[in-house]
Amino acid sequence: MPAYRSCRRDGMRHMGKVMKMADPALVDPLANPAGVKTRVVDTDVHHQIRDQAELYPFLSRNDRQRLKEYGLPKNGNIYHGSGGFRGARADCFDLGEEVDPRTRIELFQKKLLDGCGIDRAILQGEYTPAVAALVDLDYCAALCRALNDWSLAHWIDRDPRFRLALTVPMQDPVLAAKEIHRLGDHPAVVAVYAVCGSPRLYGQRYYDPIYAACVEHGLAFALHFSNEGSGVNPAPTAAGHPSYYAETYLIRPQFYQAHLSSFIFEGTFEKFPKLKVAFLESGFGWVPSFRWRADAAWKALRAQTPWVKRLPSEYIAEHIRFSTQPFEDTDPPGALVHLLEEMDGGRTLMFASDFPHWDFDPPDAIARRLPAALRKGVLEDNAFGTYPKLT
Amino acid sequence: MNPARGTSHRVCQAGELPPGKRKIVAIHDREIGVFNLGGRYYALRNRCPHRGAPLCEGKLIDLVTAERPYAPANEREGEILRCPWHGWEFDITTGRSVCLPDKVRAKSYPAGVEKAPETATVEHYDVTEDDGWVVVWLSAGEGAPR
């Protein structure tokens with residue numbers, strides 16, 4: 001048994017006998033047919049700061065006093081609920097309920113990196129949605145800078161397997177670009193992280209300075225749900241506010257669809273032909289339907305946005321990569337094969353675990369669900385193709 | 001019968017189809033739209049390959065292009081036929097769609113003006129020397145009575 005199999009031990013102990021009897025090619029789903037382990041890139045991992053005092057060295061005296069007095073902003077969770085325990089895996093609270101597992105680097109190393117055989121984990125701050133929603137743009141930018149510097153010092157520098165997606169003040173693209181220019185060439189910085197909740201859709205030219213900076217520094221633009229309906233952002237659906245967390249969990253694909261439509265029809269990829277966009281925690285069952293609808297819309301209405309020169313599905317195939325998590329439990333299970341074929345999943349999917357969140361997907365279980373021929377692409381190659389600076 | 005172009009079918013007298021106008025006629029079992037674009041004639045089958053709409057009843061529009069986002073430019077004034085149902089655009093001069101020119105085409109036929117009546121069996125009209133008939137040529141087998 002490879003060491004990284006331990007991530008499944010908690011839940012799979014009872015399946016030991018089944019595992020021993022399985023086809024050797026299936027015993028290690030993270031290895032190629034020759035037995036060589038695939039490098040596994042986890043594109044969506046969420047770390048958090050435990051003690052705000054660790055940010056003080058990275059702030060001006062004025063901003064430091066403000067943080068001391070008012071504390072870090074909290075995520076605007078309008079549902080007052082999530083899954084698991086406080087949104088995380090309940091098995092990650094071994095130090096007590098008050099210790100947030102997102103703050104424990106040693107837990108990430110043990111349960112995720114070592115335990116699951118993850119070779120690269122891209123950190124997307126748990127703090128980002130709350131900080132990125134601040135309406136005081138300069139304070140927002142100051143906290144973004146401090147949290148990026150803190151992540152580099154307290155996480156990146158402590159384990160060579162971590163990479164960082166930058167937190168930037170999306171509401172002010174000029175300030176955001178400034179932060180990208182400040183840290184974009186750091187070898188561990190591989191992306192710019194933005195959340196779907198936003199006063200405007202991300203294809204709009206208002207945001208162009210951010211994409212220009214991403215391309216200049218070889219960073220992917222990583223989009224992840226959050227902040228829909230909170231702060232200055234519009235309701236999570238155009239038809240109104242859902243009441244329950246389960247509803248917003250279910251309807252997340254539309255957040256990504258709205259931004260994807262915007263990227264396509266605003267001509268973002270005509271302006272930035274090298275830009276790569278990662279859709280994280282997007283799921284992917286909706287992608288074939290979206291591609292068909294987008295192509296139909298373009299065929300009918302092309303003349304209204306003549307700068308869209310190719311089929312939307314072609315832009316998607318070239319520029320967008322979707323995360324596996326939350327993995328689609330197709331029913332019947334065999335339907336997954338058709339889904340993967342329709343969206344060319346071997347090229348367009350990237351593995352994500354979402355550690356340590358409650359709806360975590362472990363890489364070996366996901367690899368087992370994938371046709372063997374697609375595993376290396378999804379676990380390794382597609383991420384390296386999407387994050388130009390990832391090494 | 002012109003072996004290169006097929007059998008000619010009269011549409012109307014040339015004077016009845018001035019530039020910018022169209023005429024839809026039935027030739028045997030199919031409808032064909034004939035367009036006069038600045039003195040040149042083009043014919044397309046009146047059936048959209050997408051959903052079977054009466055394509056030739058669509059609006060004539062320009063070809064709208066853009067070198068870069070947010071900079072639309074109009075070219076080829078009135079040479080594009082926009083399907084009346086779902087808006088797919090077709091180049092009248094070739095039948096090719098604008099969205100997928102190599103994959104989606106409307107059936108097109110050669111069209112033009114024949115100066116002299118070809119046969120004496122058609123109904124007689126006063127046709128001057130300079131006028132003539134707008135005709136569509138269908139190749140052998142096309143449009144034959146079934």
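Start with chain B: from the N terminus on, its elements run β-β-β-β-β-β-β-β-β. That is nine strands and zero helices. Keep in mind that this is a predicted model.

**Stop 1: chain B as a whole.** Colour chain B by burial. Of its 146 residues, 29% count as buried. Now turn to its contacts. Among those between residues at least 6 apart in sequence, 50% join residues at least 24 apart.

Stop 2: Select residues 22–27 and 30–37 of chain B, which are strands β2 and β3. The two strands pair in the antiparallel sense, over six bridges. Look for Ala26(B); opposite it, in β3(B), stands Glu31(B). Then go to the turn. Two residues separate β2(B) from β3(B) in this hairpin. Select His28(B) there: its phi is positive, about 55°.

**Stop 3: the three-stranded sheet.** Move on to β5, β6 and β7 of chain B. They form an open sheet in the order β5-β6-β7, with antiparallel pairing. Which strands stand at the edges? Select 59–66 and 89–91 of chain B: these are β5 and β7, each with a single partner strand, so one side of each is left without a neighbour in the sheet. View the sheet from another angle and compare strand directions. On average, neighbouring strands here are turned by 60° against each other, direction ignored.

**Stop 4: two helices in chain A.** Select residues 173–183 and 208–217 of chain A, helices α8 and α9. How do their axes cross? They come within 8 Å and cross at roughly 10°. An angle under 35 degrees counts as roughly parallel, and α8(A) and α9(A) are therefore roughly parallel to each other. The crossing of α8(A) past α9(A) is right-handed.

Now show the side chains of the contact:

- From α8(A): Pro173(A), Val174(A), Ala176(A), Ala177(A), Ile180(A) and His181(A).
- From α9(A): Pro209(A), Ile210(A), Ala213(A), Cys214(A) and His217(A).

Notes
Residues are numbered from 1 along each chain as its sequence is written. Chains are lettered from A and ligands numbered from 1 in the order in which they are written. This is a predicted model: local features need pLDDT of at least 70, side-chain atom pairs count only at pLDDT 80 or more; totals for chains, interfaces and linings use all residues. Axes are lines fitted to C-alpha atoms, for helices over the stretch in contact, and angles run from 0 to 180 degrees between N-to-C directions. Helices (H or I, at least four residues) and strands (E, at least two) are DSSP runs, numbered from the N terminus. Angles under 35 degrees count as roughly parallel, over 145 as roughly antiparallel, 65 to 115 as roughly perpendicular and the rest as oblique. A crossing is left-handed if the near helix is turned anticlockwise from the far one by less than a right angle, and right-handed if clockwise. Two residues are in contact if their C-beta atoms, placed from the backbone, lie within 7 Å. A residue is buried if 20 or more other C-beta atoms lie within 10 Å of its own, exposed if 12 or fewer, and partly exposed in between; C-beta atoms are placed from the backbone. Two strands pair if DSSP finds at least two bridges between them.
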